[in-house]
Amino acid sequence: MTPRVETAWKALESHYRSISTQHLRDLFANDPGRGERLTAEGAGVYLDYSKNRITDETLKLLLVLVNAAGLKSRIEQMFLGQKINVSENRAVLHVALRAPRDAVIVVDGENVVPAVHAVLDKMSAFCERVRGGAWTGHTGKPIKNVINIGIGGSDLGPVMAYEALRHYSRRDLTFRFVSNVDGTDFAEAVQGLDATETLFIVSSKTFTTLETMTNARTARAWTLAGLGGDESAIAKHFVAVSTNAEEVAKFGIDTANMFGFWDWVGGRYSMDSAIGLSTMLAIGPDHFRDMLGGFHAMDEHFRTTPFERNLPVLMALIGLWYNDFFGAQTIGVMPYEQYLKRFPAYLQQLTMESNGKHVTLEGKPVAHDTGPVYWGEPGTNGQHSFYQLIHQGTRLIPCDFIAFLETLNPLGEHHDILIANVFAQGEALAFGKTAAEVETEGTPEWLVPHRVFEGNRPSNTLLLQKLDPAALGTLVALYEHLVFTQGVIWNIDSFDQWGVELGKKLAVRIIPELSGDVPLAHDSSTDALIRRYRARKETS
């Protein structure tokens with residue numbers, strides 16, 4: 001931690017001690033214009049952050065902190081293609097995936113934007129062939145089913161985007177997704193499908209990922225079983241998103257149908273790359289480019305807007321305020337839009353794989369807590385399950401409420417009721433209900449404590465016009481840049497993910513030990529579990 005950052009941090013610690021007991025009721029009572037003033041708007045997103053336990057002084061001190069951390073220069077380093085992923089010595093350029101054709105972003109002396117658009121054009125041409133019926137399977141039938149095989153960023157982004165943009169998707173095409181190496185995932189994905197009408201997208205940069213390639217080989221066998229065992233059928237029913245042409249060709253996929261990406265694209269930042277091929281197949285190239293436009297709009301907002309009005313920066317600072325000063329360990333993301341039902345799950349990888357780090361860029365132990373746990377569920381479902389804990393539990397859980405002014409499916413009063421619940425939850429969390437208010441309702445004295453809501457529970461409200469492809473891109477980019485901002489302040493590498501490696505390597509070692517009499521040399525617990533599995537496997 002630099003001296004400037006340490007000074008800013010200590011100022012915030014002192015400020016926290018003076019403000020931590022203030023109630024949102026008082027903050028609003030003492031500042032009648034707070035609800036209109038503590039807002040920001042950009043790239044089609046309206047952010048109301050007034051229901052947070054902050055004052056103008058809090059914001060001032062948080063802005064001092066982020067400036068001391070050098071965020072402005074770090075943003076420029078990212079957009080200019082410098083290698084800010086220090087542990088892997090890589091540039092971090094998901095922003096290049098949605099840059100306009102005439103943009104110039106140089107990595108190792110080469111402008112990468114033309115290559116990005118070459119892949120997008122290749123994807124578009126392929127998708128038009130499949131969607132138009134020109135691409136047919138081995139028997140000449142058009143494709144009716146598309147199954148994406150991937151894991152992590154090669155699955156979570158495509159699944160989330162498909163569900164989010166289902167309103168814009170081709171309803172005569174079936175889309176399914178396989179990620180888990182549990183055989184049930186694959187078995188259910190192909191249930192009821194005809195191999196002659198099914199196209200698989202195998203998404204693996206190296207084409208060696210254990211889970212993905214296990215599922216891909218099973219898909220290959222399933223396809224051949226449905227097509228009489230003709231090996232030449234594979235090229236008509238499989239395409240690849242990969243950079244390993246040798247392995248792709250060995251699998252039987254025509255490398256002309258391989259869609260590449262680059263080592264400066266992290267998996268969890270790749271849904272707008274070729275990893276989004278299933279998304280483009282579902283919604284079409286034009287809508288996909290609209291989504292890229294939304295990403296780019298938020299990129300430009302993040303890069304050019306002063307921090308005091310910058311949506312990702314403001315949300316990052318407020319989240320850090322609760323994580324590191326109030327000790328809040330989780331953040332709830334509650335989209336009041338059924339199409340965004342997988343958005344919280346997508347954010348889990350984006351946020352926790354990025355900022356779940358325990359050492360700084362220099363390899364020293366971090367000085368403060370990093371990476372809060374993100375979770376959530378669409379409203380109003382969550383209100384009838386975990387909102388009880390948020391309202392009356394003992395833990396402080398800041399929430400992001402996401403809502404749209406216009407519904408894609410107008411049905412009577414449904415949308416008004418939905419939006420009323422968004423606004424009501426933010427109000428209830430902030431202001432609660434006092435014992436005096438409960439008593440005036442005629443509540444028996446013994447019941448009063450049970451019906452008191454302490455309030456002072458913080459939230460952000462994000463409003464957008466409607467959930468279209470551009471809006472989805474904007475939302476994802478907003479959280480991408482929020483993650484980066486917090487990582488800069490914590491001085492960690494938000495773009496590596498070494499934490500996923502150890503368990504995977506141990507699993508590879510254990511696989512052969514589960515079958516056959518292989519000597520075991522793990523701890524006593526793991527050895528006992530392996531022996532028990534062996535014994536049950538032999539008798540089943």
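The count of disulfides comes to 0, where a disulfide is a pair of cysteine sulfur atoms within 2.5 Å. In general, a disulfide is a covalent bond between the sulfur atoms of two cysteines. Cys-127 counts as buried because its relative accessibility is 0%; Cys-399 is buried as well, with a relative accessible area of 2%. Buried means under 20% relative accessible area, exposed means over 50%, and partly exposed lies in between (1.4 Å probe, protein chains only).

The model is predicted: local features need pLDDT of at least 70, side-chain atom pairs count only at pLDDT 80 or more, and totals for chains, interfaces and linings use all residues. Residues are numbered from 1 along each chain as its sequence is written, and side-chain values use heavy atoms, with hydrogens and water left out.

Salt bridges come next. Side chains of opposite charge can pair when their charged atoms come close. The count here is 24 salt bridges, a salt bridge being a side-chain nitrogen of Lys or Arg within 4 Å of a carboxyl oxygen of Asp or Glu. One of them joins the side chains of Arg-166 and Glu-163, at 3.1 Å from N to O. Arg-166 is partly exposed, with a relative accessible area of 27%, whereas Glu-163 counts as buried at 16% relative accessibility.

Another salt bridge joins Glu-231 and Arg-220, with an N to O distance of 2.5 Å. Glu-231 lies in the loop between H9 and helix H10 (234-237), and Arg-220 lies in helix H9, so this pair ties together parts that are 11 residues apart in sequence. Helices (H or I, at least four residues) and strands (E, at least two) are DSSP runs, numbered from the N terminus. Glu-231 is partly exposed, at a relative accessible area of 45%, while Arg-220 is buried, at 19%.

Arg-268 and Glu-353 also form a salt bridge, and their closest N and O atoms are 2.9 Å apart. This pair ties together parts that are 85 residues apart in sequence, because Arg-268 lies in the loop between strand S9 (258-259) and helix H12 (277-283) and Glu-353 lies in helix H15 (residues 343-355). Arg-268 counts as buried, with 2% relative accessibility. Elsewhere, a network of salt bridges links Arg-98, Asp-272, Asp-299 and Glu-480.

Thr-39 belongs to strand S1 (residues 39-42) and counts as buried at 19% relative accessibility. Its side chain reaches the backbone oxygen of Glu-36 at 3.0 Å. That is a polar contact, a pair of N or O atoms within 3.5 Å; within protein, one must be able to donate a hydrogen and the other to accept it, and residues adjacent in sequence count only if both atoms are side-chain atoms. With neighbours within four places in sequence left aside, Thr-39 is in contact with Tyr-46, Leu-47, Asp-48 and Tyr-49. Contact here means heavy atoms within 4.5 Å.

Thr-55 sits in the loop between strand S2 (45-48) and helix H4 (56-68). At 17% relative accessibility, Thr-55 counts as buried. Not counting residues up to four places away in sequence, Thr-55 touches His-15, Ile-19 and Leu-27.

The backbone has some points to check. The peptide bond from Gly-379 to Thr-380 is cis, with omega near 10 degrees. Thr-380 is placed in the loop between strand S11 (373-375) and helix H16 (387-392). Phe-207 has a positive phi, near 60 degrees, in a residue other than glycine. Phe-207 lies in the loop between strand S7 (198-203) and H9, and counts as buried at 3% relative accessibility. For Asn-491, phi is again positive and near 60 degrees. Asn-491 is found in the loop between helix H20 (469-490) and helix H21 (501-510) and counts as partly exposed, at 22% relative accessibility.

What makes the nonpolar surface patch of about 250 Å²? Leu-210, Val-508 and Ile-511 do. Patches are made of residues with over 30% relative accessible area and no salt bridge, with like charges joined within 9 Å and nonpolar side chains (Val, Leu, Ile, Met, Phe, Trp, Tyr) within 5 Å. Accessible areas come from the Shrake-Rupley method with a 1.4 Å probe, and for residues only the protein chains shown count as cover. Leu-210 is in helix H9 (residues 210-226) and counts as partly exposed, at 36% relative accessibility.
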